[in-house]
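Dear colleague,

Please find below the structure for your records. My notes on its aromatic rings follow.

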Amino acid sequence: MHTLLKHTVLATMIGLSGPAMASMAYVSNEKDNTLSIIDTNTREVVDTIDVGQRPRGILLSKDHTKLYICASDDDTVQIMDLATRKIIDTLPSGEDPEQFALHPNNKHLYISNEDDAIVTVVDVSTKEVLAQIDVGVEPEGMAVSPDGKWAVNTSETTSMLHWINTETFEIEKNIVVGQRPRHVEFSKDSKVAWASAEIGGTVHIIDVDNLEQIHEMTFKVPGVNQDRVQPVGIELTSDGKYAFVALGPSNHVAVVDAKTYEVLDYLLVGARVWQLDLDKDEKHLYTTNGVSGDVSIIDIEDMKVVKSIKVGRYPWGVVIDPTS
């Protein structure tokens, strides 16, 4: 057998027999002031790291080298180096940062400051505060469109979505939605935004080109009182097929046809499901369940929960590194 062919066969055999490359899921534990790190291959917690007080929102840098952490009660955003798993710096954030979003330029971080009714924009490379934008009362949710044109903030008490032009840092439109909007998620093509309203029990679908609502969703989980159906986190598959909506204290995730907006199923997970994230192959969905202190793993093909992983107290956010 020729040398090149032998090497090719050997490489193929190694690839077939070797373990699958794992990625890491990072979970913020609000009550423990820690991050749990889950190996997605073994589905076990492999590390627990002390961070700032009341960590909630977490996100990856666009180059997947850093993790940003909202240490809400420390009024700061921490930066963790993923290679060393060490906190290497902090950013000015304004008071009580809860959620944030990073612009595709990997520089501008938009932070919602719940106590001050503002959105703070920080340059992560220079640590300069570029803008502080007045929004509604109790801002929480924060998203930036994949094309970088829009930043959207949700104000809980005002029940609005505030659409911020990322070039001028000015609000161009306010859209009234259901009570207590908590989260915004853009489709991968930036054409549609999904916004959850927790107390309203609704999800609002916004056409981004026209900045108009095109659909409003409600949910009815069998056997669950309607006041416990409280939409929070939303995750969309990149192929535009599914939307997953965390329904809070109903302890269910809604599976939605992202084109027709039909609810296809309700999946029982842990208690008070809060946020969720897809793994790098979009074969599994990870959910944080605050009251039960665990993470549920949903198999997307079979649409069923296949694992529950105990983490810290009151897990809030989850993000999976697709490159690890």
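The structure holds 6 aromatic pairs, where rings of Phe, Tyr and Trp (its six-membered ring) pair if their centres lie within 6.5 Å; planes under 30 degrees apart count as stacked, over 60 as edge-to-face and the rest as tilted. One of them is the edge-to-face pair of Trp163 and Phe186, with 6.0 Å centre to centre and 85 degrees between the planes. Because Trp163 belongs to strand β14 (residues 160-165) and Phe186 to strand β16 (residues 181-186), this pair ties together parts 23 residues apart in sequence; strands are DSSP runs (E, at least two residues), numbered from the N terminus.

The model is predicted: local features need pLDDT of at least 70 and side-chain atom pairs count only at pLDDT 80 or more, while totals for chains, interfaces and linings use all residues. Residues are numbered from 1 along each chain as its sequence is written, and side-chain values use heavy atoms, with hydrogens and water left out.

Trp163 is buried, at a relative accessible area of 0%, and Phe186 is buried at 6%; buried means under 20% relative accessible area (1.4 Å probe, protein chains only). Tyr242 and Phe244 form a tilted pair, because their ring centres are 5.9 Å apart and their planes at 45 degrees. Both Tyr242 and Phe244 are buried as well.

Two charges sit over rings (NZ of Lys or CZ of Arg within 6 Å of the ring centre and within 35 degrees of the ring normal). The charged end of Lys31 is over the ring of Tyr314, 5.4 Å from its centre, and Arg272 lies over the face of Trp274, 4.2 Å from the ring centre.

Yours sincerely

Methods: Helices (H or I, at least four residues) and strands (E, at least two) are DSSP runs, numbered from the N terminus. Buried means under 20% relative accessible area, exposed over 50%, partly exposed in between (1.4 Å probe, protein chains only).
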